[in-house]
Amino acid sequence: MELHLYDTRARQKRKFLPLEEGKVGMYHCGPTVYQRPHIGNYRAFLFADLLRRVFEVLGYEVKQIMNLTDVGHLLADAEEGEDKLEAQARKDNVDPWQIVEQVSELFFADLSALGIQLAHAYPRATEYIDEMVEMIEVLVEKGHAYKVGSNVYFDVHSFDKYGELSGNNIAELEAGARLEINDEKRHPADFALWKTDEKHLMKWDTVFGDNGFPGWHIECSAMSRQFLGDHFDIHTGGEDNVFPHHECEIAQSECAHGGKFVNYWMHTKFLQVDGGKMSKSLANVYSLDDLGDRGFCALDFRFLMMRGHYRSSLNFTFKGLQGAAEARKNLCSFIKRLQSVAGDTSSTAIEFDPLNTARQDFIAALCDDLNTSAAIAAVFTLRSEFMKGDFTADQAAATLDFMLNTVQKVFGDLDYIQCTDDEISDSDVDDLIAQRTQARADKEWAKADEVRDQLTAAGIVVEDTADGIKWHRA
RNA sequence: GCCGGCAUGGCCAAGUGGCUAAGGCAAUGGAUUGCAAAUUCAUCAUCCCCAGUUCGAGUCUGGGUGCCGGCUCCA
């Protein structure tokens, strides 16, 4: 099956051709670790995870890198603003390096809760200062960058493709009144590669002078090169990264190394909340804990994100999250049902129409620019086919194999065990079930219901089926 | 001011110009149940408006309206 991906630079879907047969290298713009990432950030990271998983299901060997920006990402005005890390550090009255540690810890915990596979490396900007400096020197030597005192700027007029990714052009950018006035720069659209500021807390002494720190854009250029080389397959980020961040990366990397930088640029659309932008003033910037407080687990959020397409803006509401949570649980029940029908059967090679159709539709949907919505529909169609008819243990085993090894490989583990605190042990549940069974046998309905309420309160769902009483954790 | 995207049932959402417009959630009716839950069966949209192209348009073109985004920290 041919994989087609939408390339922001080409503005269309393109057949994916790896640089090296059977392998793919990708770089994702990760979080700036000054605050715990919010659910919008995680939409982008879940997309990166999905992309990797799809490649793996298709048999590719993936090398996945995600950076952690821990210096140089400025607030407000690009040249005069304060470093995000330092602003947060001052606010909390702690060392910026401490903030980095604290936020990183939260970040990795969130990744785990979301079932995101760890990338092969999470390089931090502060660990690659030498590489950045080296790259900036090359740009200066080649005439693409210039020094003004101890600051270094990239000359956007030296790269004729500047603006190609975002659709901006330099003349229009400079005509706009939004660019800050900075007498140091030759052109208003030039951007900083290296800045000097004595007051900056995270600073380095380099060939450019003392007390310097890197510009945000150069970090990704240097780190991606370090792990993936001068030219690699895929670079992703949120739509807001298109300009200026990725535009600047292309300029830096292609000017420094001569050839093409990245083959496919992929960007996720923003997550909206209640129909509008997430913003602190509206108090709708949610973290995974905020979702947890409302009774949802990280996997519900993951499933909600998977139900929409990454290139469509997605409106987050708790009602929508509730729907996703129900849908996910229904798939979990389906898997449990399959497990009970399949029993110990291990003949997973059995083929039959509903499964063949589902397999085909599932993969075809994903290969069409990761159409997860259609892929999930294929799974639900299979589910209803299965629920309707009588299927053999062999067929159930084959379907189970598909669910576990293909569907869950792409969408992550759907099970919700980790979402609840197991406050009640299995044997306690069994005891209560036995009490209720006795009460029912005695037709003591009030007592039976009381026990059931007790179980429900403990997060146990009781099912009275023709085959006896079954229970599972909600 | 300059760019770009989107507009499908109560909510979310897929959709290569052509049979009866995927799928999920919710809802309604029936089966089942001591009552529930779970399960199961069934029902539930003509695609923002106008004009055009076409044998045929949700799907292409033009106009309108609305929403969102980038150009400025942001995934």
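## The whole chain

Start by placing two centres: domain 2 and domain 3 have C-alpha centres 29 Å apart. To colour by domain, select 16-268 for domain 1, 296-418 for domain 2 and 421-473 for domain 3 in chain A; these bounds come from an automatic or database domain assignment.

Some housekeeping: residues count from 1 along each chain as its sequence is written, and chains are lettered from A and ligands numbered from 1 in the order in which they are written. The model is predicted, with local features needing pLDDT of at least 70 and side-chain atom pairs pLDDT 80 or more, while totals for chains, interfaces and linings use all residues, and side-chain values use heavy atoms, without hydrogens and water.

Zoom out to the C-alpha trace of chain A, which spans about 90 × 50 × 35 Å along its principal axes. Switch to cartoon and you have 15 helices and 15 strands in chain A. Both are DSSP runs numbered from the N terminus: H or I over at least four residues for helices, E over at least two for strands.

Now try a surface. Chain A exposes about 21600 Å² of accessible surface, 46% of it from carbon and sulfur atoms; the area comes from the Shrake-Rupley method with a 1.4 Å probe, and for residues only the protein chains shown count as cover. Of the 474 residues in chain A, 50% are buried, where buried means under 20% relative accessible area, exposed means over 50%, and partly exposed lies in between (1.4 Å probe, protein chains only).

Colour by charge next. Chain A carries 49 positive and 79 negative side chains, yet the centres of the two sets sit 4 Å apart. Lys and Arg are the positives, Asp and Glu the negatives, with His and the chain ends not counted; each charge is placed at NZ of Lys, CZ of Arg, CG of Asp or CD of Glu.

Contacts are worth a look too: among those in chain A with a separation of 6 or more, 75% link residues 24 or more positions apart. A contact here is heavy atoms within 4.5 Å.

## Into the strands

Select 145-148 and 151-154, which are strand 5 and strand 6. Strand 5 and strand 6 run antiparallel with 4 bridges; strands count as paired if DSSP finds at least two bridges between them. Val-148 has Asn-151 as its bridge partner. The two strands make a hairpin with 2 residues between them, and Gly-149 in the turn has a positive phi of about 65°.

Show the side chains of strand 6. Which way do they point? Asn-151 and Tyr-153 go one way, Val-152 and Phe-154 go the other, and all of them are buried.

Strand 7 is largely enclosed by the rest of the structure, because 5 of its 6 residues are buried. On one side, strand 6 pairs with strand 7 in the antiparallel sense over 3 bridges. Tyr-153 has Ala-192 as bridge partner, and Val-152 stands opposite Trp-194.

Pick Lys-195 and its bridge partner Phe-213. While you're in strand 9, click Asn-211: its phi is positive, about 60°, although it is not a glycine.

## Single-residue stops

Jump to Thr-236 in strand 10, residues 232-238. Is Thr-236 buried or exposed? Thr-236 is buried, at 3% relative accessible area. Beyond four places in sequence, its contacts include Tyr-27, His-28, Cys-29, Phe-47 and Met-266.

Pro-244 belongs to helix 7, residues 242-257.

Next, centre on Asp-110 in helix 3, residues 96-113. Asp-110 is buried at 5% relative accessible area. Leaving out residues up to four places away in sequence, Asp-110 touches Arg-36, Pro-37, Tyr-42 and Leu-288.

Finish at Asp-369, in the loop between helix 11 (353-367) and helix 12 (372-388). Asp-369 is not a glycine, but has a positive phi of about 55°. Its relative accessible area is 0%, so Asp-369 counts as buried.
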